[in-house]
There are 2 protein chains.
Amino acid sequence: VAERGAAPAVRIIGFGCHPDHLTPEARAALASCDYVVAAAKSDDDRLLAVRAALCRQVGVELVAVPDPARDRTGPDGHGPRDYDGAVRDWHDARAEAWGAVLAERGGVAGFLVWGDPAFYDSTIRVVDRLGLSYDVVPGISAPQLLAARHRVVLHEVGRPVLFTTGRRLLADAVGHDNLVVMLDGSLTCRRLSGEWDIWWGANLGTSSERLVSGPLAAVLPEIESARAAAKADAGWVMDTYLVRRAS
Amino acid sequence: VAERGAAPAVRIIGFGCHPDHLTPEARAALASCDYVVAAAKSDDDRLLAVRAALCRQVGVELVAVPDPARDRTGPDGHGPRDYDGAVRDWHDARAEAWGAVLAERGGVAGFLVWGDPAFYDSTIRVVDRLGLSYDVVPGISAPQLLAARHRVVLHEVGRPVLFTTGRRLLADAVGHDNLVVMLDGSLTCRRLSGEWDIWWGANLGTSSERLVSGPLAAVLPEIESARAAAKADAGWVMDTYLVRRAS
């Protein structure tokens, strides 16, 4: 929005959940980059394809960098016991891979972040390790698109909302009655006790988008089949939901 | 992003914190409106002027509707004892005023929401009372711009973040170590106990923007003078901040 001193060496750009979310600010930031660095997680990375399409649209080269493996093993299907340590190792490995590309190429490197870099995304933390100047451009996040689709405010009047992860939901639901859940690979809301309402969405902003809302216990079967359908459509599924204790 | 059935009678459009935040989706939604309804809070409403500029840019008429008074009296300077009741009355009065304009004019009415309609904004709740079809378009919210300016993620790795209000901060800070505060007219963070870090911003996205970050106790004087300077510049001040318990 405002220019702040010299041009940064790295620009971290949130692009939202759909090409129609790319703000004029984000588009200008992307166009100012000499190239965009993107993590390639496999030969068939559909999230990479979305970034490639944006780069083609704006006329910026995309450099795909193989993504270091992340330790996700663990006794309970929810990742390693030393979660923070595993994440830190992964961030270090990403920083090393990205730093090598930036050192070789020089110029201004862009990173395109799905949604907003401010929520459950590691790009800021990884780039911060590189010791280069950088700036950040916000984008529309999945919880915001979820709220827009369901036409809800993410909290009740004057009340708080907790943004948390699937891994922490059951603990955080004690003492909270209004939570937005991200990074939940296994519909942890199935194990909530008590009466809840849910506003759920998968693959928001894509052609495989699915939306379900209602009393949690009643709509769970519908969510499970919608989630499977989204995955069948797209080859991947990312879901986000709001749960609120029924009054 | 996607067309859903017949054209709605009302479109609630988040426009972010700066004209460069207006997404292509929001611009198209705005252009599809026959007119935009905006609350006029006084003869010198600078928030109204921003909406008027957006409407001129896209070529849509703006209809200013005098905003009903809201009961903000109360024994402790934090509003009436029956907070929810006062808000409900205000929403009812707004719905009546807006409904009258929509009934007289017909067509497709737009509402331009500063930031995102999903956070601490009453537009969805008021429009929902009108019984008309409507849709919602998300926008970049102030906490997101705050995070981008300070180049931070709004939570620590895998941890939650509570979005709350100034009115509730002191109670919510018990048991939370990472909070985003909105709607705080009186820098309630001054009364937090314990050691905290703060990332603070006022009038984000405008020419009177101010940013301060650091250990709360150390930077409070700087925040107080920056807040006063933002208000002197703009004639109004709206601040948003992230507080995190120091580790």
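Is B:Pro24 buried, exposed or partly exposed, and what is its relative accessible area? I began my notes here, and I found B:Pro24 partly exposed, with a relative accessible area of 35%, where buried means under 20%, exposed over 50% and partly exposed in between (1.4 Å probe, protein chains only).

Before going on, I noted that this is a predicted model, in which local features need pLDDT of at least 70 and side-chain atom pairs count only at pLDDT 80 or more, while totals for chains, interfaces and linings use all residues. I also noted that residues are numbered from 1 along each chain as its sequence is written, that chains are lettered from A and ligands numbered from 1 in the order in which they are written, and that side-chain values use heavy atoms, with hydrogens and water left out.

**B:Pro24, continued.** I placed B:Pro24 in helix H1 (residues 24-31) of chain B; helices (H or I, at least four residues) and strands (E, at least two) are DSSP runs, numbered from the N terminus. Leaving aside its neighbours within four places in sequence, I found B:Pro24 in contact with A:Pro19, A:Asp20, A:His21 and A:Leu22, contact meaning heavy atoms within 4.5 Å.

**The two copies.** I then looked up how the chains are related, and a rotation of 180 degrees with 0.0 Å of shift along its axis superposes chain A on chain B, with an RMSD of 0.0 Å (least squares on the C-alpha atoms of residues with pLDDT of at least 70 in both). The two copies are thus related as by a two-fold rotation axis. The same surface serves both copies, since 100% of the contact residues of chain A recur in chain B.

**Chain A as a whole.** I recorded 7 helices and 10 strands in chain A. The radius of gyration of chain A is 19 Å, close to the 18 Å that the globule rule gives for 247 residues, so chain A is as compact as a globular protein of that length; the radius is taken over C-alpha atoms, and the rule is 2.2 Å times the number of residues to the power 0.38. Buried residues make up 56% of the 247 residues in chain A.
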